[in-house]
Amino acid sequence: MSSRSPGRELAPPAETGVPTGVPTPAGTPVATSPAVPFTRKPAGGGGWRDQFGSLLFLAPAAIWLLAITIYPVVATFRNSLYDETATNYVGLGNYKSVFSTASIIVNFRNNVIWVVVFPFVVTFLGLLFAVLTERIRWSTAFKAIIFMPIVFSATASALIWRTIFDLDPHVGMVNAAVQTASDWVNPPGLYPVNVSAGQTVAALASSGLGPGASGSLQSTSTAAAGDTVELGLIGINAATLQVVGAQTAVPPSPSSGAITGLVYRDFSPSHPTVRGQVFPDEVGLPGLRLTLLRGDGTSVTSTTTDQHGDFRFENVGSGSFQVQIDAKNFQSGFTGIFWLGSQSLTPTSHLSETAQALLSVPLVDLAMIVAYLWMWAGFAMVVIGAGLTSLNRELLEAGRVDGATEGQIFRRITMPLLAPVLVVVLVTMIINVLKIFDIILNMAPGSSQGDASTLALAMYNDGFTGGIHSGLSSALAVILFLLVIPAMVSNLRRIRG
Amino acid sequence: MKPRILTFAIVGGLLLAACGTSNAPTSSSVQGGSVSLWAEWSSGEQAAFTAALTPFESQNGVTVNYSSKGSNIDTVLAAAVAGGAPPDVALIPDPGTLQTLAKQGKITDLTSILGGLSSNYGSAWNTLGSYNGKLYGVWFKGANKNTIWYNPAEFAAASISSPPKTWEELIQDVNTLKAAGVTPFSLCTDVGWPVADFWQNVYLKTAGADKYNALAAHSVKWTDPTVTTAFTTMAQLVGTPSNLAGGLQGSLSNAYPACVDKVFPKAGAQPQAAMVFEGDFVATEITGNSKNYTPGTTGSGGASCTTDPSKTPCYNFFDFPAPSANSANSAAIQGAGDVAVMLKDTPQSEALIKYLAGPDAAAIWAHLGGFASPNKKVPASAYPDPVSKGIAQALVGASSFVFSLDDLQGTWEKNMWQDLLDYLKNPSSSSISSIEATMDQQATAGLGH
């Protein structure tokens, strides 16, 4: 794991308070502090015997390294030039097919999203927590809480967050929170229609009804004073009927000067496939908000259906009218956002397939980045915190004496002094997310896994699941390796100072 | 020949006696010795299987050395055969392995050993256990993926008295359910294999078993009109999001067995859909959700089925229907199974194979539950409930039996699953033709032809 290099390098200063491993800008007093415990011995000072002795002691580690690091690297390079069974030489064939598949663009894009977003945000959060925890009481407890997620395996974290982001508000915490807020602002109607599940208000219209303005339903024929109107709805389930307390439908009787009518559930248990007829075993739909419309669409008056589904518009006067069942009745309330879905945050649907693959930012990527921040923010905080404790307080004091505000001190003194630590965290995290894998495998549901896949996941899928192709998988591993090299070199240089 | 076979069957349990009268050369009662037997079953299944073998051991004095090899029995067996130390008898879950072993001459031709016993199985099964016209295997256990599970209380809410027999009736029932406000279907399609199982059933029912096997071998192209028919037929059901619990998005976020839970919820929840498709293993999920679920169409104690899982809920299944124009395919079944093959010809292994081909062992396991036999002679009364009986009867009566097509696709199986998911996301006819073209390319690349 990539966590080890900075962790180990920075551990001594955290314990001793002396920044042996933390590179500090030249010229600061600590860099030349006599308390530095290790001084590097000039290499090659001893004779042949000396060298032999050290080589002998190095041998076990060297052989170990050769066996578990160098050999696999070489074998991977070799396999990337061979076919799926690693027996026939195919030259650069695997690389060609890697770059000719459409999914490689998606993999690269996701790697780019991770590398661009995650390391900077996690370093920022780490810095924020480190600076803030320095100043509060109970800072140890706070730090422990922030740091805690790192003790979970990535798989466990992924499963936790998969549940947190679940689509069903009864399961997923995030959707439950959004639902509470949303239903408070926008309460659902008595007969909710779940649009995101493919239901439509128009599909409820069964007899005497058609789609009306903005999500409402409207009677298809016109009525005048003294007429009766029967409006049938389908797709209302038994549980809803219980909730609203629906009772047997009573066909309306005409009344002079008024338009009377009935809204009923057009599903008869005794005649399950017959529509447009009020049977004795059908029920009326209570609580529906209705509006009486003139021919030009302006509203005259409104009413609500009673327990039997009956309604009455009194003294309507002359003219012909239509009855509208208001859209409000069907408002669905919040039914969940598919946080782990592959819908894009950037508007790319009008673009070509390749451009889409290149420019889409699937929502699931962001959800996973949030989960990964939760895992790693504590680590960044601890490393940066260690850097903070080793800062030369005199400089801060001097700044304060000179009248600098806390903000200025942070920007002009703390940040520059901390910069080397921040860069180490940043680069470590870049390496970390370049090979991001386990969180995607375990957190993205199968249906969006293809859109959330990265190079490392593609490497795993080609090499270890289903039909195994070690050549393709190795080629991906080599590409990934080449991508990590710059970050690795930069980190090594910094560590050496 | 017929009357003698019938006598055989009636004698049933007294298989030994039957063996005595058969024309097999070495079958007069074996006494003593041992036989080594490999199969994939472990834990509960192993206990049931060994219980099924107990009468054989006590009647013959033969010790059966059973060894469970888990799900990678194919690999283990291949290694043992190559190493020259195979077991006497093995039960393998893959007809392809049977073909390979028969081709290599590593398993024994059972035609004369079994004699009349082979008529315990329908021709679909004997064909599946044969290589070059000779019978090499006995299909001891079968699994049925031809099952659509439904909540009888939800059907009752829509006044559907009997489950659909044809695809057209299914679509009609779907509309009736929707009119009654019941969401018809629940899918677990966060990954591709459940879509594949579903699609394969539709293909089998519309195109028939011969085409199915040809497509599996890619001698029928994925751009074939029969493939298009299967896609458009399936779209009648899955192409309308309101047919699915949670719509398309909900289906894509459901991991198996979440879709089963939506039809057969745990206590405290209400069903959100009426039907769910998957193989016979769904029954375990349902009864795992609540012990209250009673198989069949009446709740426990004869009460009527309730949607409330804490009262008297029920579960039942109906056979995946074929369109009425393709009714010839209605008894074609997709599934899986375990076939007994003989790797060493000893009197003990012959006796064991004959015992497995008879109804006794299967009847014992059937009674213990979680088992279905394609053997005609296993009495229906051996099954503890109407659902397991129905599953077994479908296996027995199968006009043809095919294995899961995706598992035969090698390296491009994953691509196939992804393509089918893409289809589910957009089942329009223009998308179907481009998906077919992609699939055919991938099949060509993956299978090398």
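Chain A has 16 helices and 9 strands; helices (H or I, at least four residues) and strands (E, at least two) are DSSP runs, numbered from the N terminus. Please keep in mind that this is a predicted model, in which local features need pLDDT of at least 70, side-chain atom pairs count only at pLDDT 80 or more, and totals for chains, interfaces and linings use all residues. Residues are numbered from 1 along each chain as its sequence is written, while chains are lettered from A and ligands numbered from 1 in the order in which they are written.

**Chain A overall**

- Of the 497 residues in chain A, 36% are buried (20 or more other C-beta atoms within 10 Å of the residue's own, with C-beta atoms placed from the backbone).
- Among contacts in chain A with a separation of 6 or more, 68% join residues 24 or more positions apart; two residues are in contact if their C-beta atoms, placed from the backbone, lie within 7 Å.

**Helix α4 of chain A and its partners**

- Helix α4 (residues 103-135) of chain A and helix α12 (residues 406-434) of chain A have axes that come within 9 Å and cross at roughly 145 degrees. Axes are lines fitted to C-alpha atoms, for helices over the stretch in contact, and angles run from 0 to 180 degrees between N-to-C directions.
- On the α4(A) side, the residues making this contact include A:Trp114, A:Phe118 and A:Val122, and on the α12(A) side they include A:Leu422, A:Met429 and A:Val433.
- By class, the contact of α4(A) with α12(A) has 13 nonpolar, 3 polar and no charged residues. Ala, Val, Leu, Ile, Met, Phe, Trp, Tyr, Cys and Pro count as nonpolar, Asp, Glu, Lys and Arg as charged, and the others, Gly among them, as polar.
- α4(A) also packs with helix α10 (residues 363-389) of chain A, at an angle of about 45 degrees and with the axes 6 Å apart.
- The contact of α4(A) with α10(A) has 21 nonpolar, 5 polar and 2 charged residues.

**Chain B and its contact with chain A**

- The contact takes 34 residues from chain B and 29 residues from chain A.
- α9 (167-179), α13 (247-253) and α19 (413-425) of chain B each supply at least two residues of the side of chain B that touches chain A.
- α13(B) gives the most to that side, with 6 residues.
- The residues on that side of chain B divide into 13 nonpolar, 17 polar and 4 charged.

**An enclosed helix in chain B**

- Helix α16 (residues 347-357) of chain B has 10 of its 11 residues buried, so it is largely enclosed by the rest of the structure.
- Among the buried residues of α16(B) are B:Glu350, B:Lys354 and B:Tyr355.

Terms used: Buried ≥ 20, exposed ≤ 12 C-beta atoms within 10 Å, placed from the backbone.
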